[in-house]
Amino acid sequence: MFSPSKNVVGRLAQWFLWSLLVLNVHGEVSLEKYFRCHRTDPQFNKCVIDILNELQPIRADGIPDLGLKPFDPLVIPKLVMDDVEGVKFKQVLTDITITGLKQAKVIKGDFTKLPNSMEMTWEVPDLRVKNNYTMEGVIMGIPLKGKGQSSFNCTQIHDKVKLKTELVKINGEDYLQVKDVKYTIEPPKTAKLRFTNTLSKDKKLTEATSKMFNDNWRTLFDTFKNVRNADIERVIQDGLNQFLGLYPYDKMFPA
């Protein structure tokens, strides 16, 4: 199973939360500025999408007044993945650096069904990941064992988020809460993996293994993505409900 550290989970949740709504009652970022989308406005949907895209490059560098740390580059200490979908395989990634999130944009969204649901699709034009790794197991009938450094580059990767929501009475006011999350990642347009293997002195074997990954990355992507998404869905729901409980629904999304 996929086991992100608490620090990683928090950073992923924070990135998603502030991608949905950036709100503050104290700092230099004006509350009114980001509450300007009215539900009765025929352009409400476009307004929310425009705000998210307007904030993306600003948030990537961090907003101290909001307590928001930079997320491009995003540094993750450790990720562990093992025995996924019946595949006997374990991989440990450490010192992970992810770049490219600053350029992410919402390319599609539906906020018109509030307070019952929200949907959005993010596109990251160019995502790059570098890390150290160890791996051992069998994939596609091939026994693998390795240790070294790897890099993964992909283009036009899409993240889709569907939220089922409801209004809950708290102290006489309605607050939006998330009942269910569906998070999926579509295969990117292109992907390229490079790695070294300090456990093997056979350069041709390392090259053959690299070719196997690059020739079959779509199949491997589909094999491992569901477990990863399940963890993120739980994080998104818990984090969003905590955040959405801070402000009444009519203040976040005025009529």
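The following legends describe close-up views of a predicted model.

In this predicted model, local features require pLDDT of at least 70 and side-chain atom pairs count only at pLDDT 80 or more, while totals for chains, interfaces and linings use all residues. Residues are numbered from 1 along each chain as its sequence is written, and side-chain values use heavy atoms, with hydrogens and water left out.

**Figure 1. Overall composition of the protein chain.** The protein chain contains 5 helices and 7 strands, where helices (H or I, at least four residues) and strands (E, at least two) are DSSP runs numbered from the N terminus. Along the sequence, these elements follow the pattern α-α-β-β-β-β-β-β-β-α-α-α. Of the 255 residues, 49% are buried; buried denotes under 20% relative accessible area, exposed over 50%, and partly exposed in between (1.4 Å probe, protein chains only). The accessible surface amounts to about 13,500 Å², and carbon and sulfur atoms contribute 53% of that surface. Such areas come from the Shrake-Rupley method with a 1.4 Å probe, and for residues only the protein chains shown count as cover.

**Figure 2. Strand S5 and its antiparallel partners.** Strands pair if DSSP finds at least two bridges between them. Strand S4 (residues 117–139) is joined to strand S5 (residues 142–170) by 22 bridges in antiparallel fashion, with Val138 opposite Pro143 in S5. The S4 and S5 hairpin has 2 residues between the strands, and Met140 adopts a positive phi near 55°. S5 also runs antiparallel to strand S6 (residues 173–186), with 13 bridges, and Thr165 faces Val178 in S6. In the hairpin of S5 and S6, 2 residues lie between the strands, and Asn171 in the turn has a positive phi of about 55°. A further 6 bridges connect S5 to strand S7 (residues 190–195), again antiparallel. Here Cys154 stands opposite Ala191 in S7; Cys154 is buried, with a relative accessible area of 1%.

**Figure 3. The disulfide between Cys37 and Cys47.** A search of the whole structure finds 1 disulfide, defined as a pair of cysteine sulfur atoms within 2.5 Å. This bond joins Cys37 to Cys47 at an S to S distance of 2.0 Å. The torsion about the S-S bond is about -80°, so the disulfide is left-handed. Cys37 lies in the loop between helix H1 (6–20) and helix H2 (44–60), whereas Cys47 lies in helix H2, so the pair ties together parts that are 10 residues apart in sequence. Both Cys37 and Cys47 are buried.

Figure 4. Gln91 belongs to strand S2 (residues 87–99) and is buried, with a relative accessible area of 18%. Apart from neighbours within four places in sequence, Gln91 is in contact (heavy atoms within 4.5 Å) with Leu79, Val80, Met81, Thr134 and Met135.

**Figure 5. Selected salt bridges.** The structure holds 8 salt bridges, each a side-chain nitrogen of Lys or Arg within 4 Å of a carboxyl oxygen of Asp or Glu. Asp50 and Lys46 form one at 2.7 Å, N to O; both residues lie in helix H2, 4 residues apart, about one turn of the helix. Asp61 and Lys102 meet at 3.3 Å, N to O. Asp61 lies in the loop between H2 and strand S1 (74–84) and Lys102 in the loop between S2 and strand S3 (105–110), so this pair ties together parts that are 41 residues apart in sequence. Lys211 and Asp215 form a salt bridge at 2.6 Å, N to O, and each of these two residues is exposed.
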